[in-house]
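Let's take a quick walk through this model and stop at a few spots along the way.

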Amino acid sequence: MASVSTNQFKSGLKFMLDGDPCSIIENELVKPGKGQAFNRVKFRNLKTGRVNERTFKSGESVESADVVEVELEYSYTDGEFWYFMDPESYEQHAADANAIEDCKQWLKEQYVYTVTQWNGTPLLVTAPNFVNLAVTDTDPGLKGDTAGTGGKPATLETGAVVRVPLFMNIGDVLRIDTRSGEYVERAKS
Amino acid sequence: MNNNWQPSADLETLKKRAQFIADVRLFFTRKGMLEVDTPILSRAAPTAPYLDSFKTHYIPLGTDQKQDYYLQTSPEFAMKQLLAAGSSSIYQIAKVFRNGERGKYHLPEFTMLEWYRIELSLDELMDEINELLASIFAITSSTRLSYQQVFKQSLNIDVFAISDSEVEQLAKQHLPNLSENIQLDRDGWLELLMSEVIEPKLAELAQAVFIFDFPASQAQLAKIKLDKQGHQVAARFELYIRGIEIANGYDELLDADELRQRFEQDNQQRRGLNKQIMPVDDNLLDAMQAGLPQCTGVALGLDRLLMIVLDKKAIDEVQSFS
């Protein structure tokens, strides 16, 4: 397995720590004037999502992690796994509940998601910044109310619930910002 | 086209930087001190095991004979030769170079304000630093703690009484996130405790902090003396502002034989670390043999001080390009 030295550390670098793949968030040089140098590293454990710190002696090496990000199309779920397909090779990749937890409510067939893979296994699935989803349930629309005062909850085809303006109806397709979980506008169909 | 050509400091900051540096010059000129300008290139280099010099070559025209030259890591050696030659108190604002050091508070090339005082004791030199900080940088409050006191306050131990293995245990106990591969000597563990446990506590203080009377093993180029309780300590201080190391001052070692010994010890340590053996500065040793007057001196990281005073997050933000 390839190794990386602390002098190659930078944010985004993936490495193995205690058997788990991790991604560096921040790398800080600690060095008194004429003293020895250390690297204080803040990192995210890509398996657990937890953020932690570790101090290395400068020049120490760690194992690099075979972590890549690929764009895959969501196909379907069997309840246990969520299947994503490489649109070019048609290869299927199965993500577990842990990996899709953050984007579960934005998963729609044939949409393309960013999948972080470690040794070929999906660790994390990230939704695109914007998705278009149809309203499956909401109170009847109020014609004429275009000021958008207050709004009302609407359930979308993926199960997500967002606040929408009062004039929206079942069947309307909405553009949603997945980072904030907020309605942006009615999608042009 | 990308934006990489843009300065790393904004122009407003560069104007303030220029004014601060002009004020520093005026401060020393008013005290009647001579500004000096010593060479950046030198045939010799410091031996300190964890200080890496940039190395370059001089090639006489028409030959291919390379002569090793080093970029200064501080102007210390040349300034001491001037002192031995009778310059009296001197100061310098110099570009200095340290290989391998790059971080939020580290640049491989940075600006050092260094000055030497024939008449002043270490305490009086700290007073003068306070005067400089107050009159130019509006830093008006500071305190002084011995190395022993600061370890007592932060870690509740007597740093001069505990054994090497107790120091290591203490570090591991206070730093649970250490890589398990770290192996250090006593000074290494102490430096780690200082950087990772004590500095964050100093950062909480509104005051600047001078720490003095370091362990004799960390004497660098300072005299070794006995403290009030009879411990051998290094007659030097470090200045911390907001938990960041800003300056390093010595009651300068005058004994050429002792300095030669320290250089040799450093090089021996370098050999053990598989690092280059550095060419000892014989001119400095000869100057000390001829007679370096009793003096104190301090090196102050000007970029870091500007970074703090101008409320910037990284040292890059006060240099035109980094």
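B:N156 sits in the loop that links α4 (147-155) to α5 in chain B. Bear in mind that this is a predicted model. Most residues other than glycine have a negative phi. With a relative accessible area of 57%, B:N156 counts as exposed, because the cut-off for that is over 50%.

A:N119 belongs to the loop between β10 (112-118) and β11 (121-126) of chain A. Its phi is near 50 degrees, again a positive value in a residue other than glycine.

## How α5 and α6 of chain B pack

Two packed helices are described by the angle between their axes and the distance between the axes. For helix α5 (residues 164-174) and helix α6 (residues 186-203), both of chain B, the angle is about 30 degrees and the axes are 9 Å apart. Angles under 35 degrees count as roughly parallel, so α5(B) and α6(B) fall in that class. The crossing of α5(B) past α6(B) is left-handed.

On the α5(B) side, the contact is made by B:D164, B:V167, B:E168, B:L170, B:A171, B:K172 and B:H174, while α6(B) brings in B:R186, B:W189, B:L190, B:L193 and B:V197. Sorted by type, the residues of this contact come out as seven nonpolar, one polar and four charged.

In soluble globular proteins, nonpolar side chains tend to be buried together. Here the largest nonpolar core has 39 residues, and B:L113, B:W115 and B:F137 have the most contacts inside it. Helix α3 (residues 122-137) of chain B supplies the largest share of this core, eight residues. Apart from this core lies another one, of 31 residues, which includes B:V167, B:W189, B:L190 and B:F214.

What does B:F137 touch, leaving aside its neighbours within four places in sequence? The list runs B:F20, B:V24, B:L132, B:L302, B:L305, B:L306 and B:V309.

## A lysine on strand β9

B:K225 is part of strand β9 (residues 224-226) of chain B. Its relative accessibility is 39%, so B:K225 counts as partly exposed. Beyond its neighbours within four places in sequence, B:K225 is in contact with B:D213, B:H231, B:Q232, B:V233 and B:A235. B:A235 is ten residues away from B:K225 along the chain, with 6.3 Å between their C-alpha atoms.

Conventions. Residues numbered from 1 in each chain as written. Chains lettered and ligands numbered in written order. Predicted model: local features only at pLDDT ≥ 70, side-chain atom pairs only at ≥ 80, totals over all residues. Heavy atoms only, no water. Core = buried A, V, L, I, M, F, W, Y, C linked by side-chain atoms within 4.5 Å. Buried < 20%, exposed > 50% of the residue type's maximum accessible area, 1.4 Å probe, protein only. Helix = DSSP H or I, 4+ residues; strand = E, 2+ residues; numbered from the N terminus. Contact = heavy atoms within 4.5 Å. Axes fitted to C-alpha atoms, helices over the stretch in contact; angles between N-to-C directions. Parallel < 35°, antiparallel > 145°, perpendicular 65-115°, else oblique. Left-handed = near helix turned anticlockwise from the far one by under 90°. Nonpolar A, V, L, I, M, F, W, Y, C, P; charged D, E, K, R; others polar.
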